[in-house]
Amino acid sequence: MSATWDDELYVAMDVEASGTLPEYALQPWRYKRGDYWLTSFAAVWREVGETRAFGGVYPDLLMIREFLTWVIQTKRIIVGWNIVYDIGALVALGFREEVYQIRWLDGMLVWRHVFIEPEYDENRANKKSYALKPGAVQEFVHDRAGYEENVNYHSTDPEELEKLHLYNILDNIAA
């Protein structure tokens, strides 16, 4: 039996975050203390042959709940790169029940499991990076390489935040 890919079953999702200290951006559990917050939320999907996007800078919880409810109702699968981080962020924000109802697909893990070589244990010099940038982007969509340049992940400037959000959308497309 052969499987076929149907774009309309999937939606790419990504969050960007910051915190009272830059390193807190990778620690969603600090949300309840007020030391962690989302700076951008982006989702991209195909519908009736068109690419759609949803999200924004400093997303509110209602926006995220609306998205997750739509995903559950339409039975979409959320795709991302290192999606475990995004899942952790959603759980920290209070969306545990929704997260458990959704099917998830991590592009980084799929890539790693398809291409990992057993000899990495013996020869670490040949170990491949499974990062989205530059790894997967360079290998699969090299014409899009460099979109992450000059992105400020912790700025509060509206223009810089819009640039971050565009970067977030492009991350979804690349994933």
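On a 1 Å grid over the protein atoms alone, a pocket is an open set of points where a 1.4 Å probe fits, with protein on both sides within 12 Å along at least five of seven lines. Its volume is the space filled by probe spheres set on the points, which are joined across faces, edges and corners. The model is predicted, so local features need pLDDT of at least 70 and side-chain atom pairs pLDDT 80 or more, while totals for chains, interfaces and linings use all residues. Residues are numbered from 1 along each chain as its sequence is written, and side-chain values use heavy atoms, without hydrogens and water.

**View 1. The second largest pocket.** This pocket holds about 430 Å³ of space. Of its 23 lining residues (an atom within 4 Å of a point), those closest to the centre are Asp14, Val15, Glu16, Leu26 and Tyr85. Strand 1 (10–19), helix 2 (83–92), helix 5 (132–140) and helix 6 (158–174) each give two or more residues to the lining. Strand 1 gives the most, five residues. Helices (H or I, at least four residues) and strands (E, at least two) are DSSP runs numbered from the N terminus.

**View 2. Asn168 in helix 6.**

**View 3. Helix 2 and its cover.** Seven of the ten residues of helix 2 are buried, among them Tyr85 and Asp86. Strand 1 and helix 1 (61–74) are included in what covers these buried residues. After helix 2 comes Gly94, with a positive phi near 105 degrees.

How values were computed:
Buried < 20%, exposed > 50% of the residue type's maximum accessible area, 1.4 Å probe, protein only. Contact = heavy atoms within 4.5 Å.
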